[in-house]
Amino acid sequence: MHRLFVGLQLPDSFNQTLATWRMQHVDWPVRWTRAIDLHLTVIAPWEVASPQAAMNAMQSLNGFFQPQTVLFDIIKFLHPDEPRMLWVEGQPGTELLDMKQRLHSVFERPTEDQAFRPHVTIARCWADQVQALKDQVETI
């Protein structure tokens, strides 16, 4: 089985902004996401026996979509009751919502029940070290 997801590459300026913020928090007990692995998740991971059909679908979309603008407005833990991932979250524009809908159709993936909030995972945390960070993150 193969695990696939659909994500968007981030511009260098955004990666630089995150790198600067991360340097200001270098003492946090988290495992930072490598810059090369940063992405905006559009469709959550799913499993397939063979990735070939998904690769063909992706190639059919080459040049179909234009760059998107997302305003990221908050840094937070993914699940407040069980925080393990730290991410930046933003508001989706109409174009991004349209892109997401089209991608769900192309990859034959059901849409999620909850509203789409674009996000970029910037770190993973250990449960026993999160409480001290939780109070700091909520004030950012």
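Predicted model: local features only at pLDDT ≥ 70, side-chain atom pairs only at ≥ 80, totals over all residues.
Of the 140 residues, 36% count as buried.

Layout next. The chain has four helices and six strands. Starting at the N terminus, the order reads β-α-β-β-α-β-β-α-β-α. Now contacts. Take those between residues at least 6 apart in sequence: 80% of them join residues at least 24 apart.

Let me start with helix H1. H1 covers residues 12-23, twelve residues in total.

Which residues of H1 are buried? They are Phe14, Asn15, Leu18 and Trp21. Viewed down the axis of H1, these buried residues fall within an arc of 125°, so they line one face of the helix. An α-helix has 3.6 residues a turn, so residues three or four places apart point the same way.

What does that buried side pack against? Four strands: E2 (30-32), E4 (71-77), E5 (85-91) and E6 (119-125). On the face of H1 turned away from the buried side, you find the exposed residues Asp12, Ser13 and Met23.

Now the rings. A search of the whole structure gives five aromatic pairs. One of them is Phe14 with Phe72, and this pair is tilted, at 4.9 Å centre to centre with 40° between the planes. The pair links distant parts of the chain: Phe14 sits in helix H1, Phe72 in strand E4, and they are 58 residues apart.

Phe72 comes in at 21%, so Phe72 counts as partly exposed.

Next pair: Trp21 and Trp28. Their ring centres are 5.5 Å apart and their planes stand at 90°, so this pair is edge-to-face. Both Trp21 and Trp28 are buried.

On to helix H3. H3 runs over residues 94-106, which is 13 residues. At 1.5 Å a residue, H3 should span 18 Å; its end C-alpha atoms are 18 Å apart, so that agrees too.

The buried residues of H3 are Leu96, Met99, Lys100, Leu103 and His104. They cover an arc of only 135° around the axis, so they lie on the same side of H3. What covers them? The cover includes strand E1 (2-8) and strand E3 (40-48). The face of H3 turned away from the buried side carries the exposed residues Thr94, Glu95, Asp98 and Ser105.

Two of those buried residues deserve a stop. First, Lys100. Lys100 is buried, and its charged end sits over the ring of Phe116, 4.7 Å from the ring centre.

Second, His104. His104 is in helix H3. Its relative accessible area is 2%, so His104 is buried. What does His104 touch, leaving out residues up to four places away in sequence? The list is Val42, Ile43, Arg109, Pro110, Thr111 and Glu112.

Now step past the end of H3. Glu108 follows H3, in the loop between H3 and E6. What is worth checking there is phi. Most residues other than glycine have a negative phi. Glu108 is not a glycine, yet its phi is positive, about 55°. Is Glu108 buried or exposed? With a relative accessible area of 70%, Glu108 is exposed.

Last stop: Met85, in strand E5. How far is Met85 from Ala123? They are 38 residues apart in sequence, but 5.8 Å apart in space, C-alpha to C-alpha. Beyond residues up to four places away in sequence, Met85 touches Lys76, Phe77, Leu78, Thr121, Ala123 and Arg124. And strand E5, where Met85 sits, is among the strands that the buried residues of H1 pack against.

To recap. The buried residues of H1 line one face, and those of H3 lie on the same side of their helix. Glu108 has a positive phi.

Key: Residues numbered from 1 in each chain as written. Heavy atoms only, no water. Helix = DSSP H or I, 4+ residues; strand = E, 2+ residues; numbered from the N terminus. Expected span 1.5 Å × (residues − 1). Buried < 20%, exposed > 50% of the residue type's maximum accessible area, 1.4 Å probe, protein only. Arc of directions from axis to C-beta. Contact = heavy atoms within 4.5 Å. Phe/Tyr/Trp six-rings, centres within 6.5 Å; stacked < 30°, edge-to-face > 60°. Lys NZ or Arg CZ within 6 Å of the ring centre and 35° of its normal.
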